[in-house]
Amino acid sequence: RTVSRSQDLNQLGGFILRRNERGVVYLRDVATIVMGRKLQDSALMLNGQPAVALGIIRQVGANVPAVSRGVRQVIAQTQSELDRLNLGVQFSYNYDESDYITQAVSLVQQKLFSGALLAVLILILFLGSMRTVAVVALTIPTSLVSVFIIMAFTGRTLNIISLAALGFASGMVVDSAIVVIENIFTHLQQGKGPVRAAIDGTHEVWGALVGSSLTNVAVFLPLALVQGEVAQLFIDMTITMTAATGFSLLSAITIVPMLSGLFLSQSEALQVLSGDYSPTGNWMWRAIARSSAIFRMWQGRLEKGLLTTVTWGIGRGRLKQRLILLTIPLFLIGFSYFTLPPADYLPQGNRNQILWRAEPLPGTSIPESIALSQPLQQFLRQQPEIDRTLFIDRPGGLRAISIILKPEYGTDGMLSSM
C-alpha cells in the first residue's frame with residue numbers, strides 16, 4: 001500500500017516502475033525528477049491578451065436574466081475587492097445569453113407599443129372623433145394588462161412568445177371595441193342622447209361580439225392540448241390570446257358603453273356625419289377633423305370603385321365578367337401554392353457571434369499557434385464591426401477565434417455582407 005499523494009520529490013523517485021526476478025526499477029533510475037512548470041497544452045486570449053475563461057451554466061428551469069443579474073452582481077463585488085488589493089485582475093464578459101434574450105424582448109416590446117400607436121392613428125382617420133378614439137384606446141391597455149393576471153395564476157413568464165402574442169392581440173383587442181363604439185356613434189347621429197345611444201348600440205351588437213370572440217377562443221384553445229416540446233411554444237400563446245380575447249369582449253360590452261355615455265357628444269357625431277370640419281376647438285381638434293374628412297373622401301371613392309366592379313359583374317348576360325372576376329382568387333391561390341415557403345421548426349437567428357475555425361498544422365506547439373494567429377487577431381480587431389475577439393486553442397477540442405460583433409452590426413444583412 002502507498003499514499004495517494006506524494007509530499008516531496010524523493011517520494012516520487014521511490015515510485016516502483018517494475019519488480020521481477022531481475023530486481024526493482026524505480027522512477028529515479030530512468031528519470032530526473034525536478035520541480036518545474038507543466039508544458040502549456042491550451043491557450044485562451046481575449047483581445048490579444050492572455051486570459052482565463054470561467055463558464056457559468058444555469059440549472060434547468062432557472063430564469064436566464066435573473067441568473068445573469070445575480071452573476072453580474074457577484075462579479076462586480078469580486079472586482080471591487082480585487083481592485084482594492086491592486087492585483088491587476090480584470091473581469092470581462094465575453095458571452096451572456098441574457099443579452100440576446102433582453103434584446104429580443106425589447107424589440108418585441110417596441111413593436112407592441114408601435115402597433116398600439118398605429119391602431120390609434122387608424123381609428124383617428126376612420127372615426128374622426130378624438131373622444132371615440134380615446135374611449136377605444138383605453139381598452140387596449142385595460143385588456144392587455146389584465147392578461148398578466150391570468151399569466152400570474154397559470155405560472156407563466158413574460159417571455160418572447162407571450163410578448164409576441166400580446167402584439168398579435170393588440171390588434172384583435174380593439175375589434176370588439178370598434179364595433180361597439182361605431183354602432184353607438186351611429187345612434188348618436190340618429191339624434192339619441194349619449195346614454196341611450198350607448199345602451200341601444202351595445203344591445204344590438206353584443207350577441208354577435210360574443211359569437212366572434214368564442215370563435216377566436218375556439219381557434220387558439222386546442223393548442224393547449226399539444227404535448228411535448230412544442231407545447232412550450234404554444235401554451236404561452238394560447239393563454240395570452242385566449243385571455244386577451246375574453247378581456248377585450250368584457251371591455252367592449254362594459255367599459256366602452258360606460259365611457260361612451262359619459263364622454264361622447266351628440267353634436268360632434270352630427271358634425272362628423274355632415275362632413276363639416278369647421279375651425280372649432282384647438283389646432284389639434286381641427287387637424288384631426290380635416291385629416292379624417294380627407295381620408296373618408298378617398299375611402300368613399302374607393303367604395304364607389306369597388307361598387308362599380310361589383311355592378312359590372314352582376315346581372316343577366318354577364319357570365320364572362322363573373323368568370324373574369326373568379327379567375328382573380330383562383331390565380332392568387334395557385335400563386336400562393338407555388339410560392340409557399342419551406343417548413344421549419346424555428347426561424348433562424350444570430351447572436352452577434354462568428355466562430356472562425358483556426359486549425360494549425362499537426363505538431364504545432366501552443367506558443368507557435370498563438371504566434372501564427374496574431375496577424376489574424378490584429379486584422380479582426382481593426383474592423384469597425386467587431387467588438388472583441390477570443391482566441392481559443394485546445395488540441396483535441398475547439399481551436400478557433402470567436403468574434404463578437406457590435407450590437408448594431410449583428411443583423412442577418414450585415415452578417416451576409418461581411
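Predicted model: local features only at pLDDT ≥ 70, side-chain atom pairs only at ≥ 80, totals over all residues.

The account may begin with Ser143, a residue found in helix H5. Is Ser143 buried or exposed? Its relative accessible area is 0%; since buried means under 20%, Ser143 counts as buried. Apart from neighbours within four places in sequence, Ser143 is in contact with Val173, Phe247, Ser248 and Ser251. With Ser251 there is also a polar contact of 3.3 Å, which joins the two side chains.

These contacts lead to the pairing of two helices. Two packed helices are described by the angle between their axes and the distance between the axes. Helix H5 spans residues 130-154 and helix H8 spans residues 231-263; their axes come within 8 Å and cross at roughly 145°. The crossing of H5 and H8 is right-handed. On the side of H5, the residues that meet H8 include Arg131, Leu138, Ser143, Ile150 and Thr154. Among their counterparts in H8 are Ile239, Phe247, Ser251, Leu259 and Phe263. Sorted by class, this contact of H5 with H8 comprises 13 nonpolar, 9 polar and 1 charged residues.

Helix H8 also contains Ile253. At a relative accessible area of 30%, Ile253 is partly exposed. Residues up to four places away in sequence being left out, Ile253 touches Thr202, Trp206 and Leu209. The C-alpha atom of Ile253 is separated by 7.5 Å from that of Val180, although the two residues are 73 residues apart along the chain.

The strands form the next topic. Strand E1, residues 16-20, pairs with strand E2, residues 23-26, in the antiparallel sense over 4 bridges. Ile16 has Tyr26 in E2 as its bridge partner, and Asn20 is bridged to Gly23 in E2. With 2 residues between them, E1 and E2 form a hairpin.

An open sheet is built from 5 strands, in the order E4-E3-E6-E7-E5, with antiparallel pairing. Strands E4 (49-50) and E5 (353-357) stand at the edges; each has a single partner strand, so one side of each is left without a neighbour in the sheet. Within the sheet, strand E3 (residues 43-46) and strand E6 (residues 386-393) pair in the antiparallel sense over 4 bridges. Leu44 stands opposite Ile392 in E6. Which helix packs on the sheet? Helix H12, residues 366-381, does so, touching E3, E5, E6 and strand E7 (399-405). The direction of H12 makes about 165° with that of E6.

Two loop residues complete the tour. Asn47 lies in the loop between E3 and E4. Asn47 is not a glycine, yet it has a positive phi of about 55°. With 32% relative accessibility, Asn47 counts as partly exposed. Asn86 lies in the loop that runs between helix H3 (64-85) and helix H4 (97-127). Its phi is near 55°, a positive value in a residue other than glycine. Because exposed means over 50%, Asn86 counts as exposed at 68% relative accessibility.

Definitions and conventions
Residues numbered from 1 in each chain as written. Heavy atoms only, no water. Axes fitted to C-alpha atoms, helices over the stretch in contact; angles between N-to-C directions. Left-handed = near helix turned anticlockwise from the far one by under 90°. Contact = heavy atoms within 4.5 Å. Nonpolar A, V, L, I, M, F, W, Y, C, P; charged D, E, K, R; others polar. Buried < 20%, exposed > 50% of the residue type's maximum accessible area, 1.4 Å probe, protein only. Polar contact = N/O pair within 3.5 Å; in protein donor to acceptor, adjacent residues only side chain to side chain. Pairing = 2+ DSSP bridges.
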